[in-house]
Amino acid sequence: MFFVDSHSHLAFSRFKDDFKAAVDDNYSVDAIITRAADAKVKYMLAVATELSEAAELQAISEKFQNIFVTTGIHPQGAKKHCELYGLDEIARVVRDNCKRPKTVGIGEIGLDYHYERESEKQQKELFNLQLELATELDLPVSIHCRDASEDVAAILKDHPSSKGVIHCFSGEKSFAKKALDLGFYISISGVVTYKKATELQDSIKYVPTDRLLIETDCPFLAPVPYRGKLNEPAFVVHTAKKIAELLDVSLESVADFSSRNFSSLFQKAKGFL
Ligand SMILES: [Zn+2]
C-alpha cells in the first residue's frame, strides 16, 4: 500500500511569512521527503504557483526520483505576471518548462475571486492561455477555484479537450457535477477532516472513486490531528483515513484508487513510476 500526494508545495521557505511556526531545518525538502517515505507516501506532485519557481522545482525533481512537478501561474499572481512578462512571454516560458521530462502538468491555474476580485480580467486571460497551452501540449491542469466556480466551469467548457483536476475541492455539489461531466478529477485535501466541513464530507460520496485524488496542499491546510500546524506530504494519510471512513471502505482501497487515478491523469509521470 502507498499514497500519492497530488498537490503539494515543497519549498516551504517561500511561505515563511504565512506562518508563525519556524520553517527550520526540520522542514527542508530532504526532511519532508524522509517523513513522507516513512508514512508510505511514495510519490508527490510539487505544484508551481509562479514562473520564478521553475528552477527550484526542477532541482527538486532531479534530486528526488519520486517527485514530479508542474509549471504555471496561480490566479493570485495573474496581475503581476501579466504586467511583468505579457502573455506571449508567459506562453514561451511555460512551453519551455513543459519540455522537461518530470514536468507532468500545468498548474496551479484558475480563478480566485476571494482575494483577487479586482484582477478578474487578467485572471481570465491567463487561465484561458494556460488551458490553451495544456491542450496544445496534451498535459493535465491543476485547477485552483475560490468563490469563482461558475466562471471556472464556463471557461473549462470553452476548452473541451482539456483534462485535469479540481484541486482542494470545496464541497460545492453543482460544481463537482459540472467538473465531472467535463471529465475532470476531484482532489480532496485535509479540509475533509475538519468538523465543520459537512458539505464536503457529504459531497465526496457522489464523486465516483475512479475520479478521486488526495492531496495536502502543504504547507497549508493540515488535517486533523495536525490542524493549525505546518502541513506536509506525510499527513495525506489522515485525509485518506477520513475518506475511507466516509465511504465505508478500507484505507488500502483509498490508497489504491487514488494512486491509480493519479497515474491515469498524469500520464507523463507513468514512465517514472
Ligand atoms: Zn496549492
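These legends cover the whole chain and then several close-up views of a predicted model. Residues are numbered from 1 along each chain as its sequence is written. Because the model is predicted, local features need pLDDT of at least 70 and side-chain atom pairs count only at pLDDT 80 or more, while totals for chains, interfaces and linings use all residues.

View 1. Helices (H or I, at least four residues) and strands (E, at least two) are DSSP runs, numbered from the N terminus. Along the principal axes, the C-alpha atoms fill a box of roughly 45 × 40 × 40 Å. Buried residues account for 48% of the 273. A residue is buried if 20 or more other C-beta atoms lie within 10 Å of its own, exposed if 12 or fewer, and partly exposed in between; C-beta atoms are placed from the backbone. Of the contacts between residues at least 6 apart in sequence, 70% join residues at least 24 apart. Contact means C-beta atoms, placed from the backbone, within 7 Å.

**View 2. Strand β2 (residues 41-46) is largely enclosed by the rest of the structure, because five of its six residues are buried.** Strand β1 (residues 3-8) pairs with β2 in the parallel sense over four bridges. Here S8 has A46 of β2 as its bridge partner. β2 also pairs with strand β3 (residues 67-71), again parallel, over three bridges. M44 has I67 of β3 as its bridge partner. Pairing requires at least two DSSP bridges between the strands.

**View 3. F3 is among the residues with the most contacts inside the largest nonpolar core.** That core has 76 residues. A46, I166, I186, I188 and A240 share this listing with F3. A nonpolar core is a set of buried Ala, Val, Leu, Ile, Met, Phe, Trp, Tyr and Cys residues joined through C-beta atoms within 7 Å. Leaving out residues up to four places away in sequence, F3 touches K40, V41, K42, I214, V236, V237, A240, A255 and S259.

**View 4. I155 lies in helix α6 (residues 149-157).** I155 is partly exposed, because 19 other C-beta atoms lie within 10 Å. Beyond its neighbours within four places in sequence, I155 contacts K124, F127 and N128. I155 and K124 are 31 residues apart along the chain, with their C-alpha atoms separated by 8.3 Å.

Conventions. Two residues are in contact if their C-beta atoms, placed from the backbone, lie within 7 Å.
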